[in-house]
Amino acid sequence: MKTLLYILWNPDLEFFHLGPFSVRWYGLCWLLGFTAAYLLVRRLYREQKIKDELFEPLFLYCFLGILIGARLGHCIFYEPDYFLTSGKGFVEMLLPIRFLADGGFKFIGYEGLASHGGTLGLMIALWLYVRKTKLSLWRVLDNIAIATGSMACLIRVGNLMNSEIIGKVTDVPWAFIFERVDSYPRHPGQLYEAIAYAVLFFLLWWLHKKMPEKIGTGWYFGFCLTYIFTFRFFIEYTKEVQEAFEASLPIDMGQILSIPFIILGLICMFRKQKV
């Protein structure tokens, strides 16, 4: 009877399909997240009277930086034994396919994206973007940071719809039973993160109205990194490890990778700032 207290979770992976074409909830959430961030940053650029032609290339840089970084981050940090030890694994790391035992392959999308890799990829992409546009790197980073929470929130909603990155078994009354995984009540870690990132977005949007003079100092970028990865460090205690090797580590891979970003965030917040 206690099972009735928990949330049974087993949504359809697809938002809709038309013949062989389908749109999955996870892909839709990524698209909505990018769109929200795109519109928000465009508004920030216009508030700061930055020319539209300097904004237009930004979306492509961000999209490629996040996707490539997130994919490589997952493959290198979480499954190196699979992706880096064979030619087929290396190809699967770069292309959204999976080779079949009969010699063929099928399109599966990129199953495995790591937020730490995505963050690093985004930072590299933005560095390339400012080299081309000659804008201030700190101003661009701050503008992206202010909008980041909206996208991060929607990506975690996508993880929730996929029943992935599940939490540890628990008896809290708001536990989810991810029926696609097993029959145990678990922490909805994806939902915890989605809520935290929504709070981050509304907080930074409010702060940028109160402290517009800090845009361009790196303070918003530092606050964003510190907030996200400090929360990520502690929320990992409610999650199952993603790969078996993590069970032998004193802290899991997500926590290990969070520490440098927390340090970088604090440095950006408390360095001597000037626009």
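Trainee: Where in the chain is the place of Lys134?

Mentor: Lys134 belongs to the loop between α6 and α7 (137–161); helices (H or I, at least four residues) and strands (E, at least two) are DSSP runs, numbered from the N terminus. Residues are numbered from 1 along each chain as its sequence is written, and the model is a predicted one, in which local features need pLDDT of at least 70, side-chain atom pairs count only at pLDDT 80 or more, and totals for chains, interfaces and linings use all residues. Side-chain values use heavy atoms, with hydrogens and water left out.

Trainee: Does Lys134 count as buried or exposed?

Mentor: Buried means under 20% relative accessible area, exposed over 50%, and partly exposed in between (1.4 Å probe, protein chains only). Lys134 has 69% relative accessibility and therefore counts as exposed. Its phi is near 65 degrees, a positive value in a residue other than glycine. Lys49 also has a positive phi, near 60 degrees. Lys49 lies in the loop between α1 (25–47) and α2 (52–55), and its 75% relative accessibility makes it exposed.

Trainee: Where in the protein is confidence lowest, and where is it highest?

Mentor: Where pLDDT is low, the predicted coordinates should not be read in detail. The term pLDDT denotes the predictor's confidence in each residue, from 0 to 100. Here the lowest confidence falls in strand β5 (residues 105–107), with a mean of 71, and the highest in helix α8 (residues 189–210), at 96. Over the protein the mean pLDDT is 86, with 92% of the residues at 70 or more.

Trainee: In what order do the three strands of the open sheet stand?

Mentor: Two strands pair if DSSP finds at least two bridges between them. The open sheet has the order β1-β6-β7, with mixed pairing. Three bridges join β1 to strand β6 (residues 176–178) in the parallel sense, and Leu8 has Ile177 of β6 as its bridge partner. The loop between β6 and β7 holds Ser183, which is exposed at a relative accessible area of 59%.

Trainee: Which residues lie closest to the centre of the second largest pocket?

Mentor: On a 1 Å grid over the protein atoms alone, a pocket is an open set of points where a 1.4 Å probe fits, with protein on both sides within 12 Å along at least five of seven lines; lining residues have an atom within 4 Å of a point. The second largest pocket holds about 240 Å³ of space. Its lining has 16 residues, and Ile68, Gly69, Leu120, Gly121 and Ile124 are the closest to the centre. The elements giving two or more residues to this lining are α3 (58–77) and α6 (115–133), and α3 gives the most, with 10 residues.

How values were computed: Grid points are joined across faces, edges and corners, and a volume is the space filled by probe spheres set on the points.
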